[in-house]
Amino acid sequence: MGRAAYIRRRLVLMAFVLFGVTVVIFGMVRILPGDPAFLILGDRATDQKAAELREQLGLNRPVLEQYWMFVSGFAHGDMGQSLLYRQPVGDLVLTRVPVTLALAGFAMGLAAVITLIFGITAAVNKGRWPDQLIRIGFLFALTTPNFWFGILLILLFGLTLHWFPVAGFGETLPQHIWYLFLPALTLALQLSAVLIRNLRGQIIQTLRSDYVRTAHAKGLSERLILLRHVLRNALLSTVTIFGLQFGFLVGGAIVIETVFALPGTGQLLIQSITARDYPVVQAITVVSAVLVIVVNLVVDLSYSFLDPRVTYE
Amino acid sequence: MSEKALGVGPAQLTLVTPVIRARRIRLNATLLTGLALIGVVILVAIAAPLLTPYDPIEQRFEESFLPPFSPGHILGTDNFGRDIWSRIAFSTRLDLQIGLLSVLFPFIFGGLMGIATGYLGGKLDTFLMRIVDVLMAFPFLILVIAIMSILGPGLTNLYIAVGAVGWIPYARITRGETLATRHLEYVLAARTIGCSSARIMIRHILPNVIAPALIYVFTGMVLAILTGATLSFLGLGPQPPTPEWGAMIAEGRQYLLLAWWMTTLPGLALLVVGVALSLIGDGLAENRGG
Amino acid sequence: MFAGKTRPVMWAVVAALLVSACTQSGTSTQSPTPGASASAAPQVLRMARNAEPFSPFVPWQIDDNPALFISVNVYDTLLRTTKDGTNVEPGLATKWESTADGLTWTFTLKDGVKFSDGSAMKASDVKASLDMARGGEKSAWKDVYKAIKDITASDDKTVKIVLSQPYAPLLSVLAMFSGGVLPADMAKATDAKDYDNALAWKTKGTGAYYSEGWKKGDPIVLKRNTNYWRSTPSISEVRIEYIPDDNTRVLKLQGGETDVVDFVPFSQIAALNTQPNLKAQTFSIQQTAFIILNTSKPPLNDVKVRQALNYATDKEAIIKNVYFGQAKVMNSPIPQGTYYDKNLVGYPYDLEKAKALMAQSSGAAGFKMDMQVRSGNTNFANTAVILKDAWAKLGVTVDIQTLDTAVVRTNYRAGDFMSTPTAWTNDMNDPTEIVNYAMRGGASPFSYWTRYNSPDLNDKITKADLEQDATKRAALYSEIQKIYSDAAPIASIAYLGATAGWRSNVEGFFIDGLSYYRFEDVKINK
C-alpha cells in the first residue's frame, strides 16, 4: 500500500477512534460520583434549587440524548456551556490549547536535542565516565517529582540568578518563549531521561550487529557508520517512545502548569474534573485526543523513513 | 528446509536465530550493582520495624521540624514531629509493592499483545490498535486520575488505574519491534518449515523484541512510583497518615522553604530505588547480544 | 537521516530561543516597577491571587470569594461594613431613619455620585439593583432580603424600604456585597435568561475601580474610576493574576514579579517577615474552623460522645502545628464579630474529662468513624491527621478519606458521612447569617449538615431576628451560643485569619473583618 492510501485509511480510522474517545470520556464523566449542581450552587443551595439547575443544564435528560447533544454540538463546533463558568466552553478552552501545545512542543524540541546529544555521547563512551555521569544525572531528573524539580529550577534560575522569570506566561511572543523555558526544561529533562536510556541501549545494540561490523570491515569512517547505519536503526524504538510521550507531556503539563502558573489546558482540566464541569472535561479531552492521534500518525509514518523494512498493511 | 529439519526442532533453529543466545543472563558489574542496591532496599523493607526507633505515624508536636542529624532523629522530623527515617523505611514496603504490581501485569499483557498484533496483523491488529489508539488519545495522567476519581482513592484502585493504561507502551514497543522482525530471515525460515504462529511468536519473536520492552520495565516501575506520588499529591493515593514516599513528598511540599528535608529525603529514597532499577535494566541491556 | 537533517534545525531553534530569552531577561530585570519613577506616571499594582472568579460578575449572583473580593472594589452598597467588620458606616447613603415600628426605612443618597462612565447614579438605580438582588431569577442571595416587602424611589435622592416584619439585621444586610448598585438598565438586563455573562465584566459601578472586560485565564485589570465619589485612588491600575500554587505565589513575590499576594501559607508568614523587602501578616476575619459531626449517625447521636470529642481536641496543638500560631482557640460556635460571646467557656482541652464522658456514653466500647476531607486543602488534611491521633485516645478509630469536593458535598446532603473538617466565614457583620444557616435545624441545610435540630434553638433564632433592642438581642445570641455549644454538633477548633504578603513599598493593604480588601487606600511608595 502506498503512503497516500495509508494516510487516507488512517484518517478514516481516526474517525472511529474519535468516536471511541467520545464514548469513553462521556461515559467516564457520567459515572464520576458527585453532583455538579451542588458544587455550582455551593453548600447553601436547597435541593429544589439544585433540581432546577439540573433541569436547566440538561443534566436530567436521558443519557443517550445528552450524548447526542454533546457529539452533534461538537460536530458543529459548539462545545456547549461550562457548568461552572456559565459561558461557552469554546471561549474557555481554545485560548488555552495553544499554551499547552507550546509547552509540550517546546519540551519535545528541547528533549530531542538533549536526547541526541547525551544519548550518542553516552553510547559511544559506554562504560566510561561521560556515560556514567549522564546516566546518574538523568536518573536524577527521571526519579525526581517534577513539581519539586520545577521549584528547584525556579529557586536557582528565577530567584537567585534572575535569568528567567519565576512564574507566569508574559504578554508578548518573546515573553511567552522566555516564560516557557523553565517549565519546558523541567518536562524535557524528565522526558530525555526516558529517551536517552532507550537511545543509548539501541545504539550499543546496533553497534554490535553484523552489518555494522561489515561496515567497519569495509573501512567506512566511524562518523559515517554512526550517522548512516547506527542512528537510523537505533532511532526506531526511540521515536516510538517519543511519540508515546506526547500524551505523557500533556499529562505532566497539569502539574507543571500549576507550579509555573501557566494558563494552559492542564490546569483547567484538573479543575474541571474536580468541579464535575462535564462539558469542559469533554472538550479538553476530545481536543487533546485529536492532537495525540495526529502526532501518533506522524510517528507511524516516520517509521518508513527510519526503517525501510517497515511496510504499511 | 527439509522434513528432517522440522524434527530437529528448536535446538537447531537457535543457531539461525541470532539473538536468542543472549537469553542466558550473565552478571556484569552494572547488573550486580543494581541487584545489590535493590537487595539493600528490600532488606530495609523487610526489617523496617527492627531498623527504626519510632512508630512511623507517632506524633510528637514538641519535636516538629527537627533538621537531619538531630539527636534521636537521624533524618529529622516532619510537621507533626514524626521521625522521617521511620517513615521512609516503612514506606519502602509500600513503594516496592506499587512499583512491582503496577508494572508486572501491564508488562505481560502489553508485551504479548504487541507481539500477537504485530505478527498476526489483520483484523486483530486493527481492532486492538484502535483500542490502544482510543486509550492513547487521552493524556496518561488524566485517564488515571479519571479512573481513580470513579473508583475512589486507595491502593488497589491505584493498581487498576495504572494498569488499565500502563500496558500500552509495552504493546506499542513490542509491536513496533515485531513489525521490523517478522520479515527477518530466521522468522521466514521458521515459517517455511511450518512452525505454528504461536510457536514462532514465543520462540523466535519474543526473545528478539522483548529487550527494549524490558529496558522500559525498569523505567516503567520508576514512573509507576512517581505516578503514585502524583496521585498521593492529588489525594488519590494511600490515605494519610500512611507513610508513602510520594505522599511524603507531597506533604512536605508546602514546607519546602521551611524544611527542605521533608521533600528531599523521601525524594532521595525514590532516587536510590530508581538508580537500582535502572542499573538492572542497563545490566540486562548490556547482556543482550553478549 | 533524522539525526543528520534535523539536528542543525533544532539547534537553530534552541539558539533562537536562548537568545530571545537572554535579551528578554536583560530588559525586564532592568525595568523598574512602573510608576515608581515619575510622579505623574501611572501607578500599577500587581497582585497574584490563589483563585479565579467563576460566578457571573453581578453582585447578587456572586457566590465565590474571588469574585466578591473584586466586587467591593467596583460596586458600592448603600452602607459599608466598618474596617473591623463589627459595624456599619455610610456608603452610597449618607443618612437613614426608620419609623418607630421598624417597618419603614428611608435612605438619603449622597450628592453627585457618578458611575464609572460619568452618568449620574439615581435612587431608581438603587431600587432596580436591590429588586434584582431580592427577587431576580438568578439571585443567589434572595433569602437575606426576604423581610423586604417593597422598595420605592420617591425622588432621585431618596430610597424607601418597607418591611413585612421588623428585621434587626437590615442595615448589615444592606452593607453586604450582594446589594451592589448597577445602572438600572444593566441590573435588569443581567437577569435575562439569554444574558451573556461575559458582558458583566464590562462594569459600570460607582466604586473606586472599573473593569473593561475580562476573559478567564487573562489577568483581571481594574482601572481607576476618575469619577469616584471619595478621594481618587492613588493606584491607577490593578492587575490581578491567577497563581493557584501557594509556593509559586510566594516565590513570585520574592522574585519581585508581583506586589501583593493573598493566601500566604501560615507556615511562611514568619519567614517572609525576616526578608528585607517583604511583609506578611494574618488579618483577623470572622472565620471559624471546626469539624461537622453527623448527629444522626450513632454513636454521634449521643451528646456525651460529641462533648467527649470536643474535650479531646487539643486546639492549641492544632493551632501551633497546622496554623503556625496564626489562629485563636475557638470557644463559641460563631465567629468573633457582632454578638460573639467571649465569656462562653466552650471546650478547653481536657483529656481526662473526655475519657470520663466517653466512658458514660454509648460510644464507651469504642467505634470507627470516617472523616471526609476535601482534597487539596492541606490545612484540613493536617487537622484530620492530628485528630486521628488525638481521638484514638478515646477509643475512636478515625478513617481519613480524601475526596473531591463534589463528592463530599453530595455526601453532606445524603447524610452519608460521620465527620468532616470545614470552615465558615461571615459575609455580613451580623450573626443572623450563621445562626439561620449553620445552626437552625429542621430544613435544608439541616444545621450545616449536622442534622442537629432543637426547636427551642430555632425559636430563639427567629426571635433574635425580630428583636429591635440591641441589649436584648445580645442576650438572645448569648443563649443561642450556649445551647449550641452544649449540644456540640460540631467539634470546635479555631478562629482563623486571612493572610497576605506584600513588598514593603506597598502601603495600606488591609483585609477587613469580612475578608474583603479595597485598593482605594493602597499606595506604592518609591
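1. Helix α3 (residues 123-135) of chain C lies across β5, β6 and β7 (158-163) of chain C in this predicted model, and α3(C) runs at about 165 degrees to β6(C). Helices (H or I, at least four residues) and strands (E, at least two) are DSSP runs, numbered from the N terminus. The angles run from 0 to 180 degrees between N-to-C directions, with axes taken as lines fitted to C-alpha atoms, for helices over the stretch in contact. Residues are numbered from 1 along each chain as its sequence is written, while chains are lettered from A and ligands numbered from 1 in the order in which they are written. Because the model is predicted, local features need pLDDT of at least 70 and side-chain atom pairs count only at pLDDT 80 or more, whereas totals for chains, interfaces and linings use all residues.

2. The strands β4, β5, β7 and β6 of chain C, in that order, form an open sheet with antiparallel pairing, where two strands pair if DSSP finds at least two bridges between them. Its edge strands, each pairing on one side only, are β4 (93-98) and β6 (148-155) of chain C, and the twist averages 20 degrees from one strand to the next. Five bridges join β4(C) to strand β5 (residues 104-109) of chain C in the antiparallel sense, with Lys95(C) standing opposite Thr108(C) in β5(C).

3. Elsewhere in chain C, strand β10 (residues 237-242) pairs with strand β1 (residues 44-49) in the parallel sense over six bridges, and Glu237(C) in β10(C) is the bridge partner of Val44(C). Strand β9 (residues 220-224) of chain C runs antiparallel to β10(C), joined to it by four bridges; here the bridge partner of Leu222(C) is Val238(C).

4. Helix α13 (residues 432-439) of chain C is largely enclosed by the rest of the structure, because six of its eight residues are buried. A residue is buried if 20 or more other C-beta atoms lie within 10 Å of its own, exposed if 12 or fewer, and partly exposed in between, with C-beta atoms placed from the backbone. The buried residues of α13(C) include Ile434(C), Val435(C) and Met439(C), and the buried residues of this helix pack against β16 (419-425), α14 (446-449), α15 (455-466) and α16 (470-487) of chain C.

5. The contact between the two chains takes 21 residues from chain C and 18 residues from chain B, two residues being in contact if their C-beta atoms, placed from the backbone, lie within 7 Å. On the side of chain C that touches chain B, α11(C) gives the largest share, six residues. The residues of that side divide into seven nonpolar, nine polar and five charged; Ala, Val, Leu, Ile, Met, Phe, Trp, Tyr, Cys and Pro count as nonpolar, Asp, Glu, Lys and Arg as charged, and the others, Gly among them, as polar.

6. Chain B has eleven helices and zero strands, and 57% of its 290 residues count as buried. Of the contacts in chain B with a separation of 6 or more, 71% are between residues 24 or more positions apart.

7. As for confidence, the model scores ipTM 0.80 and pTM 0.83. Where pLDDT is low, the predicted coordinates should not be read in detail.
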